[in-house]
Amino acid sequence: MPKASHILDRVLVLEMVRVTEAAAIAASAMVGRGDEKAADAAAVEAMREALNGLDMNGTVVIGEGERDEAPMLYIGEKVGRGNGDSPAIDIALDPLEGTTITAKAGPNALAVLAIAEKGCLLNAPDVYMDKIAIGPGYPKGTIDLTKSPTENVKALAKAKGVKPKEIIACVLDRPRHEKLIAELRGLGCGIMLIPDGDVAGVIATSDPDTTIDIYMGQGGAPEGVLAAAALRCVGGQFQGRLFFRNEDERARARKWGIEDLDKVYDLKELAQGDCIFAATGVTDGSLLEGVKRLRGKMTTDSVVMRASSGTVRWVKGEHRIG
């Protein structure tokens, strides 16, 4: 278990929940309205305002693009109202993980963020990442991204003491995953196809109630860092490898300090040291309930985790309207 960070002690765990709550509440007003950009913009502005109210010197290392793409919370943006004595914090965030989900009122939309001491979160470029993840309780090295899906499922099944056909995999429902899905179904595996939101998909492997055993496939690299931070807190295994579609994406990676473009990253290389992960549901999902707007109040459902203590806190919030 990583050593507790005195720097993170100065940024209260519950303050992170207040930040994700603010983004989720703002985005919830756009659920089912069919406007992805408006939902995302609402979450971004609410999260930015909440972060700027905290006593810290925060830097966004995983965000929604670069500076010229503002008003998104861009990579390199400084947040917080800290002075010279305030802690320096690196922040990975997605104010609305699941913009399409929100616009269509689908499941598992979240507001998420992770914080760590400066230099402890991989500054991943906005490219794809090949990912594989399982929950806690399995021998180290059970999964290996350099091996085939079949080999990984058989290794997990052996570690779990079941047959491969009893394994349930979570995969993003994308055309690029047709071969992966066919291979898994050829083994008899059950597959939970999700339309979006692979942070929730990865975290679901750590919760037996979801029945998901393994996450496999290709999703966003920034979301990979967020998911890795969560698994650092609750246990599990994760590996990721950046995937580049063209030379422009390779150049972007080099710009952000990525030297080995073929490297397979494990959990601790994506999110080092002590870290805190927080998420609030925007719509109902396997991990959290969505924001509920009732007469005179709203309710929120959040989770906050810390790597050094291994604690997971579930936070129910009531917020008066008006």
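## Terms and overall form

A residue is called buried when its relative accessible area is under 20%, and exposed when that area is over 50%. By this cut-off strand β8 is mostly covered, since seven of its seven residues are buried. The model described here is a predicted one.

The protein chain contains ten helices and 14 strands. Its radius of gyration is 19 Å, close to the 20 Å that the globule rule gives for 322 residues, so the chain is as compact as a globular protein of that length. Taken along the principal axes, the box filled by the C-alpha atoms is roughly 55 × 45 × 40 Å. Of the 322 residues, 54% are buried. Among contacts between residues at least 6 apart in sequence, 70% join residues at least 24 apart.

Strands of a sheet pair through backbone hydrogen bonds, in either a parallel or an antiparallel manner. Both kinds of pairing occur around β8. Strands β6 and β8 run parallel and are joined by two bridges; in this pair Ala-169 stands opposite Ile-214 of β8. Strands β5 and β8 run antiparallel and are joined by seven bridges, with Ala-133 standing opposite Tyr-215 of β8.

## Strand β9 and its partners

Which strand pairs with β5 (residues 128-134) over seven bridges in the antiparallel sense, besides the β8 pairing given above? That strand is β9, residues 237-243. Two positions show how the strands line up: Asp-130 has Arg-241 as its bridge partner in β9, and Lys-131 stands opposite Gly-240.

Strand β9 also pairs with β10, again in the antiparallel sense, over three bridges. Here Gly-240 stands opposite Tyr-265 in β10.

Which residues of α6 (residues 178-186) are buried? They are Leu-180, Ile-181 and Leu-184. These residues cover an arc of only 95° around the axis, which puts them on the same side of α6. The other side of α6 carries Glu-178, Lys-179 and Gly-186, which are exposed. The buried residues pack against α5 (149-160), β6 (168-172), β7 (190-194) and β8 (214-220). After α6 comes Gly-188, whose phi is positive, near 90°.

## Nonpolar cores

The largest nonpolar core has 51 residues, and among these Phe-238, Leu-242, Leu-270 and Phe-277 touch the most other members. Helix α8 (residues 221-234) supplies the largest share of this core, with nine residues. There is also a second, separate core of 37 residues, whose members include Leu-8, Leu-73, Ile-91 and Ala-278.

## A buried loop residue

Leu-288 is found in the loop between β11 (275-281) and β12 (292-294). Is Leu-288 buried or exposed? Its relative accessible area is 3%, so Leu-288 is buried.

Apart from neighbours within four places in sequence, Leu-288 is in contact with several residues, including Leu-110, Ala-279, Thr-280 and Gly-281. Others among its contacts are Thr-283, Asp-301, Ser-302, Val-303 and Trp-314. Leu-288 and Pro-107 are 181 residues apart in sequence, and their C-alpha atoms are 9.8 Å apart in space.

Conventions. Residues are numbered from 1 along each chain as its sequence is written. This is a predicted model: local features need pLDDT of at least 70, side-chain atom pairs count only at pLDDT 80 or more; totals for chains, interfaces and linings use all residues. Side-chain values use heavy atoms; hydrogens and water are left out. Buried means under 20% relative accessible area, exposed over 50%, partly exposed in between (1.4 Å probe, protein chains only). Helices (H or I, at least four residues) and strands (E, at least two) are DSSP runs, numbered from the N terminus. The arc is that of the directions from the helix axis to the C-beta atoms. Contact means heavy atoms within 4.5 Å. A nonpolar core is a set of buried Ala, Val, Leu, Ile, Met, Phe, Trp, Tyr and Cys residues joined through side-chain atoms within 4.5 Å. Two strands pair if DSSP finds at least two bridges between them. The radius of gyration is taken over C-alpha atoms; the globule rule is 2.2 Å times the number of residues to the power 0.38.
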